[in-house]
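Please prepare a short report on the structure shown below, covering the surroundings of the ligand and one of the sheets.

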Amino acid sequence: MKQSELFTKTLREAPKDEEAVNAQLLIRAGFINKTMAGSYSFLPLGLRVLNKIENAVRNEMNAIGGQEILMSMLHPKALWETTGGWNNIDVLFKVPSRTEKEYALAQSAEEAVTPLVLKHATTYKDLPLAVYQIHWKFRDELRAKSGILRGREFLMKDMYSFHETQADFDKFYAKAKKSYLKLYKSLGLTAKATEASGGAFSQKISYEFMVLTDAGEDDIFYCDKCEFCVNSEISKQNIGEKCQKCGKGVLHRAKASEVGNVFDLSDKYGKDFKLTFLDKNNERKHPIMGCYGVGVTRLMGVIVEKYHDEKGIIWPESVSPFKAHLLRLADPKSKAGKLADKIYAYLLADNIEVLYDERTVSAGQKFADADLIGIPWRLVVSEKTGAKIEVKARNSKKVNLMSYGSLRQIL
Ligand code: ATP
Ligand code: MG
C-alpha cells in the first residue's frame, strides 16, 4: 500500500486524554481513533493488526475442532432473566426499545449459545462439540482508563464446548489450555496460566492467562523458575516464599493483564434453560459445558505495552500491519526514485506485505513515522544507497546495505 493513500496521519503529540501507553501510541500512529472512553474505532493499520490476531486465534480454535459461528449481539431480556444475569451482572448493558421491551447487549454469549446448540445437538451422538465466534462484546465498565485493554466494547473470541461427561470435558479442557499457550507464543507473548477458583458457577479450577505488564490491572505472584502463577487475591503463599509447585524458584509479585481464560461451566446453563440431550441409556441429561475467552483487542494493546520504545511501536512480525516499510528518500524522477518504485513492485510481486512511503515529506518525518508505526523491517532507497537497499530491523540499531536478492533471504 502507498502511504500517500493512507487516509490516517500520524500525530506528533500524545493525546491528552489518554493515560495508557497502548492508546497513546496507537492513536498517534493512526491505528485507532477514540470515540469516547472505552470505545474505539479501528483504522486501516489497526484493522490489519486486529485481523492478524483474529486469524491466529481462528487457526488455533479450528485446530482443536471449534466451528466458527457469529451470534446476534442484541438479546431478548428473557434469556438473561433465565440465568439470573439480568439482575446480577452489573456490567450488562440494558437497552430499552420504543416498544417498551428491553434488550441486553451481549457481554458474553452463554445465554445465546446454550439454546442455539441444544436445538441441534439432541443426543449423545451429536456431542462433544465446540462452537466459537470472534465478535464484539459490550460491558458497562466503570474503569475505562487502560486504552484498549479495557473497553466498553471490545472484540472477544468466545468458544463454548458441550460434553456428555465430565471426563470428556476434562480432555477437551486440557487441549484448549495447551492451544491457548501456543496462541500467545505465536503472538510474541509469554502467558502464564493462573489457577483460580471457577467464580460464581462452580468450584472447579479455571485458568486465567496472564501476560506480565505494568499496564495490567491484575496483581499476581509468579515463580521465577517454573510456570506457577496465581492471582495475589487468592494466594495462600506470599512473595519471597519458595514456590509450592517446583520447590526451587521464589515467588515474585507483578502486574499482569488477563488475555484469556477457560472456565468449567458444569451443567449450570443446561439446568437454567431446562435443556437436555438423550444420553447412551436413553436418559435426559444436561450437558457439561465449558467456555473459553480470548481478549482480541486487549491482546493488541498488551502487545503494544510490551513492544515499544520512546520512538514508537515495535510490532512482532506475526501481527504487524505490514512486513516491510519501504522509504523513498529521493526525487521520484531520479535514478534512486525509480529504483524505489521498482523495489516496491518486486515486493508486491513476491507477496511481501509492504507499506511504501513515497510521500513528498522530509526524510526526518519519514524516519520518525516509520519508528512510530513500528513495522519490523525498514527499507530505505536514496541517492546514497546506490543499487542497493538500506535495511534496518525496527528492534535493532544495525543498518545493512543489501541487494534485493539478499533482502529476500531475510524477509
Ligand atoms: P477482567 O477481569 O479483565 O475484567 P473478565 O474476567 O471479565 O476479565 P471474561 O468475561 O472471561 O473476562 O472475558 C474473556 C476475556 O475478554 C478476558 O480474559 C479479557 O482478555 C477480555 N476482556 C474482558 N473484559 C474486557 C474489556 N472490558 N475490554 C477488553 N477486553 C476484555
Ligand atoms: Mg471483567
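## The ligand shell

The shell around ligand 1 is made up of four nonpolar, four polar and five charged residues, where Ala, Val, Leu, Ile, Met, Phe, Trp, Tyr, Cys and Pro count as nonpolar, Asp, Glu, Lys and Arg as charged, and the others, Gly among them, as polar. This is a predicted model, in which local features need pLDDT of at least 70 and side-chain atom pairs count only at pLDDT 80 or more, while totals for chains, interfaces and linings use all residues. Residues are numbered from 1 along each chain, ligands are numbered from 1 in the order in which they are written, and side-chain values use heavy atoms, without hydrogens and water.

In total 13 residues surround the ligand, each with a heavy atom within 4 Å of it.

## Polar contacts

Oxygen atoms of ligand 1 lie 2.7 Å from a polar side-chain atom of Arg139, 2.9 Å from an N or O atom in the side chain of Arg150 and 2.7 Å from one in the side chain of Glu258.

Five strands form an open, mixed sheet in the order 20-19-21-22-23, with pairing taken to require at least two DSSP bridges between two strands. Strand 20 (354-357) and strand 23 (399-402) are the edge strands, each pairing on one side only. Strand 22 (residues 389-393) pairs with strand 23 in the antiparallel sense over four bridges, and Glu390 stands opposite Leu401 of strand 23.

Notes
Polar contact = N/O pair within 3.5 Å; in protein donor to acceptor, adjacent residues only side chain to side chain. Helix = DSSP H or I, 4+ residues; strand = E, 2+ residues; numbered from the N terminus.
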